[in-house]
Structures are given as C-alpha cells and as structure tokens.
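Trainee: Could we go through this model together, with each term explained before we rely on it?
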Amino acid sequence: MIKSIFATTKEPFNRQDLKPMSQQKHIIDIIDIIKIHAGQGGFSVIIGEPGVGKSVLREHIESWENERDTTVISFSRTMHTYLTILKQLALSFRLYVPTKNIEQELINTAFKHVQQRKTLYILIDDAHLLTMEVLRKLRLLFERFPKKHNLVLFCEPDLLHYLTLNVNQDIRSRITFSQTIKPLNNDDLERYIVKELEAVKMGINTFDVGAIEVIIRAASGNLRLCRNLCYASLIEACREAKKIVTITHVNQVLMQPHWRSHDELLKQQVKS
Ligand SMILES: Nc1ncnc2c1ncn2[C@@H]1O[C@H](COP(=O)(O)OP(=O)(O)OP(=O)(O)O)[C@@H](O)[C@H]1O
Ligand SMILES: [Mg+2]
C-alpha cells in the first residue's frame, strides 16, 4: 500500500541491512573497543533499554564473520541454558561430539581457530535472560579459551543489578569493558526519520511538523517505538489516500491500546 501510494520501490522504516547510525557515535567507539579487547581475552557487556539498537549492533558484529581473520558465533534464539549454548557453539565450530566431552573439545577447537590467526567473537543477545549460574559457567569456560577472543553480552540494565551483588563479584571483576547504548535525543530521532525517507526517495516533508513532534515525544529516545509509530502513521495516511502524514494520523495510532500508558488504561477501566 505504501509503495503504490508513494510510487516507491521500497518502504521506509522497513529496511533489513541496518548499520550503526552516524548520530550514534558512541556505538562506533564501542565497536573499536570490542575489537581492541579481543586481543587479550575480553568480556564485554553492552547495556541498553529495550529498542535502543542492541540487536542491530549485534548484527553488525556478526557481519565481521565474512572477514578472513574472524570467527563470530552469535546466540540470540537459545533458551540460554548452558548446554544449549555449548551445543550451539559446537555446531558453529562444526564439531560433532558426545555431550560429556563437549567442553574440552570446544576449547581444543578454539585453540585451532586461534592457531589459524583467527579472533573469536562470541555474542549473546538478551543476556539478561541468562541466570547467574549459567553466566558463571560460561565465564569459567571462556577462561580456558585462548586469549584472542571477546565474549560480548547484550543486555537490559537488569543484568547490572545482579552483577553488583556481592555473591557475583567473581563475574563482575572479570568484565573488561562495559558501555551503555544511550537513547537517541530528539534531533537524532528527527534525523533518523529523514534518513529513512531519503533512503527510499520519499520527500522529507512526508511527515508534517506536527506529526514529527508527536512521534518524537511518544518515542522518547526508543528507536523501535519511533520506527513503529512512523510506519503505522504512514499506513493510516495511505488508508485515506493522503501523501502527507499529519498529527491526526499519528493520533489514530496512539489511540490503539498498546500505545496507552498503564495509568491511562487503569483510568479507562475505572470509568467503564
Ligand atoms: N542503526 C539503526 N538504523 C536504523 N534503524 C535502527 C538502528 N538501530 C535500531 N533501529 C531500529 O530500532 C529497532 C530496535 O532495535 P533493536 O532490535 O536493535 O533494539 P534492542 O536494543 O535489541 O531492543 P530489545 O532490548 O527489545 O531487544 C530496529 O528494529 C530498527 O527498526
Ligand atoms: Mg534485541
């Protein structure tokens, strides 16, 4: 629908190959530091609220796999139990061994990779879903790995709270680098919207000033919310065969129950 109304070949806010954005300079720094720490056995923690771009950063690091001197193993759809992680590691190394030998064989294979001058990156997305017990076992395992690796955890701020507990000092003291991905500010969000429109050759005034203002306020720094709100508002405009998204279209989306705040929903229940 969007493509036919706006006569474009691609939809905005719906791209696959996302790269770190120029306005997220700290992400470029994170990438550099992750590479440096991989020289000495890194243990990195990248923290961010939902929707700020952690998984997009993970996907970017995954693309290093195409470089000759790099092996990237990424976990994003495991149930985060220790054995499933080990099995997935083994699968990525094309290692078919009985479960009882799996740890030792993984370590041997990791040494073989490093002998071939490869650096290993092990990425775990949504690492706040890991229990501390699993994290502790992983920490012990990677301590026996060759030094040229970086274990990178992408997590929500919750994980930090657990790490600050005294009983988890052993894990916390081994972290070599941690960084928070900050939510985008209003100007950055506006630049993001413009860039998405430009990428598909749509006019930068497709959203009028009022619409942009409301979108940015509702998104409050969260890229996913911003993307979803822009896309849904665009659909509302297209349903009316309009080529300009106005505040009315945005508000039509914001009326949907999942956009309402907890307080608003409670008030509504009391009234009815
Ligand atoms: N660099 C980027 N360029 C364009 N869009 C982006 C970028 N980073 C994030 N986004 C948009 O924001 C959405 C959310 O990003 P992402 O899934 O990486 O967040 P997250 O921090 O992993 O969230 P969660 O904690 O909920 O998993 C993406 O689907 C994409 O639409
Ligand atoms: Mg994610």
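Mentor: Let us begin with helix axes, which are lines fitted to C-alpha atoms, for helices over the stretch in contact, with angles running from 0 to 180 degrees between N-to-C directions. Helices (H or I, at least four residues) and strands (E, at least two) are DSSP runs, numbered from the N terminus. This is a predicted model, in which local features need pLDDT of at least 70 and side-chain atom pairs count only at pLDDT 80 or more, while totals for chains, interfaces and linings use all residues. Residues are numbered from 1 along each chain as its sequence is written, and chains are lettered from A and ligands numbered from 1 in the order in which they are written.

Trainee: At what angle do α9 and α10 pack, and which class does that give?

Mentor: Helix α9 (residues 186-199) and helix α10 (residues 209-219) have axes 10 Å apart and pack at about 120°. Angles under 35 degrees count as roughly parallel, over 145 as roughly antiparallel, 65 to 115 as roughly perpendicular and the rest as oblique. The angle therefore makes α9, relative to α10, oblique.

Trainee: Which residues of α9 and α10 make the contact?

Mentor: Two residues are in contact if their C-beta atoms, placed from the backbone, lie within 7 Å. On that basis α9 contributes N186, L189, E190 and I193, and the residues from α10 are I212, I216 and A219.

Trainee: What is the handedness of the crossing of α10 and α11?

Mentor: The axes of α10 and α11 come within 8 Å and cross at roughly 145°. A crossing is left-handed if the near helix is turned anticlockwise from the far one by less than a right angle, and right-handed if clockwise. The passage of α10 across α11 is right-handed.

Trainee: Is the crossing of α4 and α5 left-handed or right-handed?

Mentor: Helix α4 (residues 82-92) and helix α5 (residues 102-115) have axes that come within 10 Å and cross at roughly 40°. Their contact involves L86, L89 and A90 of α4 with I102, E103 and L106 of α5. The crossing of α4 and α5 is left-handed.

Trainee: Which residues come nearest to ligand 1?

Mentor: A residue is near a molecule if its C-beta atom, placed from the backbone, lies within 6 Å of it. The shell includes seven nonpolar, four polar and four charged residues. Of the 15 residues around ligand 1, those that come nearest are P50, G53, K54, S55 and L223.

Methods: Ala, Val, Leu, Ile, Met, Phe, Trp, Tyr, Cys and Pro count as nonpolar, Asp, Glu, Lys and Arg as charged, and the others, Gly among them, as polar.
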